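Subject: Structure for your review

Dear colleague,

Please find below the structure that I am handing over to you. I would be grateful if you could look through it alongside the notes that come after it.

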Amino acid sequence: MKKQQQTPSSGSESDPRYANMDERKRKRMISNRESARRSRMRKQQHLDELIEQANNLKTQNTQLSQRIDTTSQLYIGIESENNVLRAQIMELTDRLRSLNSVLHIVEEVSGLAVDIPEIPDTLLEPWQLPCPIQPIPNGF
């Protein structure tokens, strides 16, 4: 009669104590797998949220860049207008001085009293012009 050789085992198949331990190991392994799956899902969800946030920030950045470009163009246009107005003030002030000097000559030659208006300080110092405060257009 041949002897049957038993394969080495942990003894869990025959000993009820180990059977219970194997069941706990199996449950723990299942629980660990489920926990790892939930962790991967949370990581993926967090990654998706970060990608969405990055896309939103890129969109905002693009919008802000466009607003800066628009504002810069408006500023350049207004600065150009101001330069033209400054040049016109200088030209008109010079013309007024010339006309006043002609009036002085006419007054001296004719002997008549001519009312010669003085050049207002506001023309000589345009930064002190009494300008009404105008709201800045909010086209954004």
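The notes below go from the overall model to individual side-chain pairs.

Confidence. Please bear in mind that this is a predicted model. The average pLDDT of the protein is 81, and 71% of the residues reach a score of at least 70.

Overall architecture. The protein contains 2 helices and 0 strands. Helix 1 covers residues 16–110. Of the 140 residues in the protein, 4% are buried. The protein exposes about 13200 Å², and carbon and sulfur atoms supply 56% of that area. Among the contacts with a separation of 6 or more, 36% are between residues 24 or more positions apart.

Salt bridges. The structure holds 5 salt bridges, and I describe several of them here.

One of these links the side chains of E23 and R26, with a distance of 2.5 Å from N to O. E23 and R26 both belong to helix 1 and are 3 residues apart, about one turn of the helix. E23 has a relative accessible area of 29%, so this residue counts as partly exposed. R26, with a relative accessible area of 39%, is also partly exposed.

A further salt bridge joins R37 to E34, and the closest N and O atoms are 2.3 Å apart. This pair, too, lies in helix 1, with R37 and E34 3 residues apart, about one turn of the helix. R37 is partly exposed at 36% relative accessibility. E34 is partly exposed as well, with a relative accessible area of 31%.

The side chains of E79 and R86 also form a salt bridge, at 3.9 Å from N to O. A pair counts as a salt bridge when the nitrogen and the carboxyl oxygen are within 4 Å, so the E79 and R86 pair meets the criterion. E79 is partly exposed, with 28% relative accessibility, and R86 is partly exposed, with a relative accessible area of 45%. Elsewhere, salt bridges that share partners join E34, R37 and R38 into one network.

With kind regards

Methods: Residues numbered from 1 in each chain as written. Predicted model: local features only at pLDDT ≥ 70, side-chain atom pairs only at ≥ 80, totals over all residues. Heavy atoms only, no water. pLDDT = per-residue confidence, 0-100. Helix = DSSP H or I, 4+ residues; strand = E, 2+ residues; numbered from the N terminus. Buried < 20%, exposed > 50% of the residue type's maximum accessible area, 1.4 Å probe, protein only. Contact = heavy atoms within 4.5 Å. Areas by Shrake-Rupley, 256 points an atom, 1.4 Å probe, with all protein chains shown as cover.
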